[in-house]
Amino acid sequence: MAARTNRIGVLRTFTSAVRTARRPGSAGLLTRVRSLPRLARAVGNGEYHGTSMGSLVALAAAVAYVVSPVDLLPEGVLSVFGLGDDTLVLAWAAAHLVTVTEDFLGWERSGGRAAPGDPATVTVPSHVVR
């Protein structure tokens, strides 16, 4: 039952990411993929805090898993069912790519400044006591 729930969650996330990517004025897939090296550099330099290097490594590992001939459920043995794990991983990777690059491209458009609501820009009222 939990596996079915996870699959439905991945499908919802993927559907939401596709809607986000297809909005008028939104960046295309090629623009998003081309932004990944800049994103990795900005995260590595500590300039961008919208995601982590671990998240980017997980994205790269997901893509490597899908294109790799080594597979947990081999397609040759299990036919269509062997494609299921690849489909789930690919759906997660696509959704994650859209989510991560959407925020990053917005950050770049703002000139590399923190976006509103980012913890770096939150103003906290305080009182000075002397």
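1. Start with how H2 and H3 run relative to each other. In this predicted model, the two helices are roughly antiparallel. Two packed helices are described by the angle between their axes and the distance between the axes. Here H2 covers residues 29-45 and H3 covers residues 53-67. Their angle is about 150°, and their axes lie 10 Å apart. Angles over 145 degrees count as roughly antiparallel, which is why the label applies.

2. Next, look at the contact itself. From H2 come Leu36, Leu39, Ala40, Val43 and Gly44. They meet Met53, Leu56 and Leu59 in H3. Seven of these contact residues are nonpolar, one is polar and none is charged.

3. Now find the largest pocket. It holds about 210 Å³ of space. H2, H3 and helix H5 (82-109) each give two or more residues to its lining. H3 provides the largest share, six residues. Leu36, Ala40, Leu56 and Leu59 are among the lining residues, and these four also take part in the contact of H2 with H3. Others in the lining include Leu90, Ala93, Ala94 and Leu97. By class, the lining has 12 nonpolar residues, with no polar and no charged ones.

4. Finally, check the aromatic rings. The model has three aromatic pairs. One of them joins tyrosine 48 and phenylalanine 104: the ring centres are 5.2 Å apart and the planes stand at 80°, so this pair is edge-to-face. Where do the two residues sit? Tyrosine 48 is in the loop between H2 and H3, while phenylalanine 104 is in helix H5. The pair therefore ties together parts that are 56 residues apart in sequence.

Methods
Residues are numbered from 1 along each chain as its sequence is written. This is a predicted model: local features need pLDDT of at least 70, side-chain atom pairs count only at pLDDT 80 or more; totals for chains, interfaces and linings use all residues. Side-chain values use heavy atoms; hydrogens and water are left out. Axes are lines fitted to C-alpha atoms, for helices over the stretch in contact, and angles run from 0 to 180 degrees between N-to-C directions. Angles under 35 degrees count as roughly parallel, over 145 as roughly antiparallel, 65 to 115 as roughly perpendicular and the rest as oblique. Contact means heavy atoms within 4.5 Å. Ala, Val, Leu, Ile, Met, Phe, Trp, Tyr, Cys and Pro count as nonpolar, Asp, Glu, Lys and Arg as charged, and the others, Gly among them, as polar. On a 1 Å grid over the protein atoms alone, a cavity is a set of points where a 1.4 Å probe fits but cannot get out, and a pocket is an open set with protein on both sides within 12 Å along at least five of seven lines; lining residues have an atom within 4 Å of a point. Grid points are joined across faces, edges and corners, and a volume is the space filled by probe spheres set on the points. Rings of Phe, Tyr and Trp (its six-membered ring) pair if their centres lie within 6.5 Å; planes under 30 degrees apart count as stacked, over 60 as edge-to-face and the rest as tilted.
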